[in-house]
Amino acid sequence: MTALRYVALAGPTASGKTAAALALAGALDRPLEIVSVDSALVYRGMDIGTAKPSPAERAVAPHHLIDILDPAERYSAAAFVADAQQLIADILGRGALPVLVGGTMLYFKALFDGLDAMPAADPAVRARIDADAAALGWPALRARLAEVDPATAARLAPNDSQRIQRALEVWLSSGQPLSAFHQRQAASPAQARPGPLATGEALLVSLETPDRAWLHARIAQRFDAMLAAGFLDEVRALRTRADLGPELPSIRCVGYRQAWEMLDACAGRAPAAADLADLRERGIAATRQLAKRQITWLRGMPARRVVRCDAPDAAAQVLAHVRQALAGVAA
């Protein structure tokens with residue numbers, strides 16, 4: 001077992017990852033710095049709907065990869081891996097422990113397993129796809145995807161615009177289905193070269209619970225707190241910008257997409273109680289679906305150490321795993 005280089009703290013949305021990471025900051029003998037693994041926290045001006053750590057929380061330990069992009073920009077798994085690897089090296093150079101915290105499982109997987117050779121994003125191809133979606137709707141584009149990549153289309157919801165767009169983009173750019181790239185990656189492991197979890201360079205602790213009702217209640221509480229904190233005003237401020245629209249990854253984030261669509265439907269009038277109730281229902285449902293996908297990703301990572309996030313001593317259990325890893329003791 002080699003020396004631990006970094007800790008990864010993952011889990012579905014609302015599982016308490018931020019609180020657990022901050023508890024580590026006050027309990028370890030070694031200083032730590034937090035690297036966000038969240039595709040929404042990178043955007044400036046999107047604070048409430050992303051449950052971004054507060055200034056007080058960010059003062060507990062240095063945080064990275066938060067507020068690094070304008071919402072009009074795009075961020076990718078490849079960009080994350082490059083940024084995270086550099087940050088890990090820099091943090092270790094300062095004698096601190098890098099703790100990667102978040103719920104964007106694609107970023108974790110790319111960091112642990114490496115990136116495949118899929119084609120890079122092509123703005124011209126994306127513009128073509130977006131124009132077709134505006135004319136026909138995303139369900140029609142999913143049906144189009146099913147003709148060339150039935151395996152990918154089968155696992156995507158009819159309105160999962162971001163993933164439908166990416167799968168079509170891969171097909172149009174390479175002539176190969178996205179599922180073929182995934183199959184090749186699974187069949188040819190960076191196997192000859194064990195990843196950081198296998199070698200002990202990284203520890204993955206996953207906050208999970210079999211009690212879906214507990215997690216669903218937390219998700220609902222969080223969404224209600226966002227609405228009470230002024231989430232709709234945050235979305236209205238984004239809508240004043242002519243360069244932002246629902247085709248961008250930032251606006252497709254869970255919650256933002258539903259709020260944007262609701263304000264579109266209101267067509268300039270103040271939302272009625274029924275509009276707000278519908279937004280709440282749709283926002284919570286979308287967040288539950290996100291949590292379900294995150295849990296599915298995590299279950300595909302057998303090297304993770306699972307801590308029940310609904311346990312009263314969850315933070316203490318996370319701390320115990322980290323201390324064992326730092327001491328070089330296999331749990």
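1. In this predicted model, Lys-109 forms a salt bridge with Asp-113, and the closest N and O atoms of the pair are 2.9 Å apart. Both Lys-109 and Asp-113 belong to helix α4, which covers residues 105-113, and they are four residues apart there, about one turn of the helix.

2. In general, strands of a sheet pair through backbone hydrogen bonds, either parallel or antiparallel.

3. Glu-33 stands opposite Pro-98, a residue of β4.

4. The domain assignment divides the protein chain into domain 1, made of 6-115 + 309-328, domain 2, given as 123-176, and domain 3, given as 214-290. For domain 2 and domain 3, the centres, taken over C-alpha atoms, are separated by 24 Å.

5. How many residues of domain 2 are in contact with domain 3? There are six of them, and they meet four residues of domain 3. Between them, domain 2 and domain 3 bury about 410 Å², of which 32% is on carbon and sulfur atoms. Of the area that domain 2 buries against domain 3, 67% is supplied by Asp-130, Ser-161 and Gln-162, more than by any other three residues.

6. Asp-130 also takes part in a salt bridge with Arg-252, in which the closest N and O atoms are 3.8 Å apart. Between domain 2 and domain 3 the count is one salt bridge, and across their interface two residue pairs are found in polar contact, both at pLDDT 80 or more. On the side of domain 2 that touches domain 3, helix α8 (residues 161-174) gives the most, with three residues. The residues of that side of domain 2 divide into one nonpolar, four polar and one charged.

Notes:
Residues are numbered from 1 along each chain as its sequence is written. This is a predicted model: local features need pLDDT of at least 70, side-chain atom pairs count only at pLDDT 80 or more; totals for chains, interfaces and linings use all residues. Side-chain values use heavy atoms; hydrogens and water are left out. Domain bounds come from an automatic or database domain assignment. Contact means heavy atoms within 4.5 Å. Buried area is the accessible area (1.4 Å probe) that two parts lose on being put together, summed over both. A salt bridge is a side-chain nitrogen of Lys or Arg within 4 Å of a carboxyl oxygen of Asp or Glu. A polar contact is a pair of N or O atoms within 3.5 Å; within protein, one must be able to donate a hydrogen and the other to accept it, and residues adjacent in sequence count only if both atoms are side-chain atoms. Helices (H or I, at least four residues) and strands (E, at least two) are DSSP runs, numbered from the N terminus. Ala, Val, Leu, Ile, Met, Phe, Trp, Tyr, Cys and Pro count as nonpolar, Asp, Glu, Lys and Arg as charged, and the others, Gly among them, as polar. Two strands pair if DSSP finds at least two bridges between them.
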